[in-house]
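Keep the structure open beside the text.

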Amino acid sequence: MKNFWLSLKPPIIALAPMAGYTDSAFRLLCRESGADVVYSEMISVDGLCHHNRKTLAMLKFNPKECPLVFQLFGTDPNKFATATRIINRIITSYQLPARHRKTTCPLMPEHSNGRRGLRGVASGPVTSYLGLDINFGCPAPKVAKNGAGAALMNELDKSYEIIKSVCANSRLPVSLKIRAGVKNISALEFIKKVKDLPWTAVMIHGRTLKQGFAGEIDYELIKKIKALVPDKIVLANGGLNSLEDAKNILTKTGADGLGLARGVIGNPWLLEEIKKNKIIPISDAIRRRIILHHAKLFLKDNPNLIPLRKHLVHYFKGQKNASELRQKIIHAATLIELKNIL
Ligand SMILES: Cc1cc2nc3c(=O)[nH]c(=O)nc-3n(C[C@H](O)[C@H](O)[C@H](O)COP(=O)(O)O)c2cc1C
């Protein structure tokens with residue numbers, strides 16, 4: 001299968017995975033705003049192995065989101081292998097001509113005919129623009145307490161086995177998401193251990209597990225990793241909140257691209273600014289249009305706007321009537337209510 005990563009032109013601008021945020025609607029919005037590739041929320045391999053409906057539903061996507069990377073988390077190399085094979089089976093069904101597909105399959109991408117022109121990439125089978133990522137960076141207690149996410153990065157041998165089994169079973173290109181370091185293991189040691197496995201890309205959150213989500217990014221470390229794996233794609237992540245931040249991190253790390261996370265929540269036009277390398281003034285009218293567009297995309301998959309509130313409140317950062325608008329917006333459940341408030 002084609003490896004879409006190799007057709008992306010550096011600097012690659014990626015929407016980093018964010019549980020609770022990078023759902024299909026937000027991913028599509030970010031692709032439209034200039035992201036070259038978007039990551040899903042983390043998806044449990046245990047959930048996939050148990051055919052959990054909610055977990056399986058996380059594999060739903062709109063082909064216009066592609067290139068799209070599904071991120072997996074878990075602890076057991078065998079379960080990673082099984083989950084990867086389950087994804088292969090689902091992905092294979094996407095390639096069949098429509099008459100061969102089970103129309104009742106709850107996982108079918110709703111707007112897909114399996115083949116269509118995708119914005120920013122050549123047309124071809126949708127599945128040529130999908131990837132699989134492995135989460136080695138999540139510090140959330142419910143993930144790390146079971147030994148997954150960032151806790152996994154501390155176990156080099158197990159991590160090696162997991163990457164090996166996903167690579168061996170996947171029909172999609174494999175990528176990794178790691179932190180600058182956890183406990184005694186630095187990202188450099190981690191990459192040294194796994195560098196000969198056939199994964200394609202790594203996104204490095206340049207903060208250690210101890211730093212959590214605040215503090216300095218270790219530019220030097222990311223630079224060293226790029227030098228260690230010149231043939232792999234290295235994306236720098238952490239603290240990217242402006243065009244200036246993006247230019248700075250690219251210069252200091254020599255990375256092939258960037259992973260943007262919190263900086264794009266309520267601010268998706270940052271992707272376009274970075275892509276076009278110029279500040280884009282956002283008038284109230286444009287902001288309103290983007291918010292309503294986001295809400296419409298969200299309503300395609302959801303009955304009301306209640307779960308979107310966590311996104312909506314961020315659209316007013318720095319506005320003079322921000323707190324008043326936020327108070328109102330958290331009560332909006334329908335598009336009409338949202339329009340009235342805006
Ligand atoms: C709400 C939230 C959810 C996140 N969920 C994930 C996740 O599912 N998988 C993952 O690898 N990282 C996750 N992250 C980490 C981000 O991808 C990113 O590495 C981190 O936020 C640092 O980037 P930033 O400083 O630009 O926000 C999450 C971060 C946040 C704030």
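Start with Asp36. Its relative accessibility is 13%, so Asp36 counts as buried (buried means under 20% relative accessible area, exposed over 50%, partly exposed in between, with a 1.4 Å probe and protein chains only). This is a predicted model, in which local features need pLDDT of at least 70 and side-chain atom pairs count only at pLDDT 80 or more, while totals for chains, interfaces and linings use all residues. Residues are numbered from 1 along each chain as its sequence is written, and side-chain values use heavy atoms, with hydrogens and water left out.

Asp36 has a charged partner. Its side chain meets that of Lys275 in a salt bridge, 2.8 Å from N to O. The term covers a side-chain nitrogen of Lys or Arg within 4 Å of a carboxyl oxygen of Asp or Glu. Helices (H or I, at least four residues) and strands (E, at least two) are DSSP runs, numbered from the N terminus. Lys275 has 39% relative accessibility, so Lys275 counts as partly exposed. In general, side chains of opposite charge can pair when their charged atoms come close.

By this rule the count comes to 8 salt bridges. Another of them joins Asp256 and Lys226, at 2.9 Å from N to O. This pair also links distant parts of the chain, 30 residues apart. Asp256 is in the loop between α10 (243-253) and β11 (257-260), and Lys226 is in helix α9. Both Asp256 and Lys226 are buried.

Glu272 pairs with Lys276, and their closest N and O atoms are 2.7 Å apart. Both residues lie in α11, 4 residues apart, about one turn of the helix. Glu272 counts as partly exposed because its relative accessibility is 26%. Lys276 is at 47%, so Lys276 counts as partly exposed too.

Now turn to helix packing. Which helix does α1 cross at roughly 135 degrees? The partner is helix α12 (residues 284-299), and the two axes come within 8 Å. Axes are lines fitted to C-alpha atoms, for helices over the stretch in contact, and angles run from 0 to 180 degrees between N-to-C directions. α1 and α12 are therefore oblique to each other. Angles under 35 degrees count as roughly parallel, over 145 as roughly antiparallel, 65 to 115 as roughly perpendicular and the rest as oblique. The crossing of α1 and α12 is right-handed; a crossing is right-handed if the near helix is turned clockwise from the far one by less than a right angle, and left-handed if anticlockwise. On the α1 side, the contact (heavy atoms within 4.5 Å) is made by Ala25, Phe26, Leu28, Leu29 and Glu32. On the α12 side, Ile290, His293, His294, Leu297 and Phe298 take part. These residues divide into 7 nonpolar, 2 polar and 1 charged. Here Ala, Val, Leu, Ile, Met, Phe, Trp, Tyr, Cys and Pro count as nonpolar, Asp, Glu, Lys and Arg as charged, and the others, Gly among them, as polar.

Helix α8 (residues 187-194) comes next. α8 packs on helix α9 (residues 219-228) at about 15 degrees, with the axes 10 Å apart. The two helices are therefore roughly parallel. α8 passes α9 in a right-handed crossing. Ala187, Leu188, Ile191 and Lys192 of α8 meet Leu221, Lys224, Ile225 and Leu228 of α9. This contact has 6 nonpolar residues, no polar ones and 2 charged.

α8 also packs with helix α7 (residues 156-169). Their axes come within 10 Å and cross at roughly 50 degrees. That angle makes α7 oblique to α8. This crossing, too, is right-handed. Leu156, Asp157, Ser159, Tyr160 and Ile163 in α7 meet Phe190, Lys193 and Val194 in α8. The contact divides into 5 nonpolar, 1 polar and 2 charged residues.

Two single residues complete the walk. Asn88 sits in helix α4 (residues 77-95). Its relative accessible area is 9%, so Asn88 is buried. Not counting residues up to four places away in sequence, Asn88 touches Asn169, Ser170 and Arg171. Pro10 lies in the segment before β1 (12-15). Pro10 is exposed, with a relative accessible area of 54%. The C-alpha atoms of Pro10 and Lys193 are separated by 26 Å, and the two residues are 183 apart along the chain.
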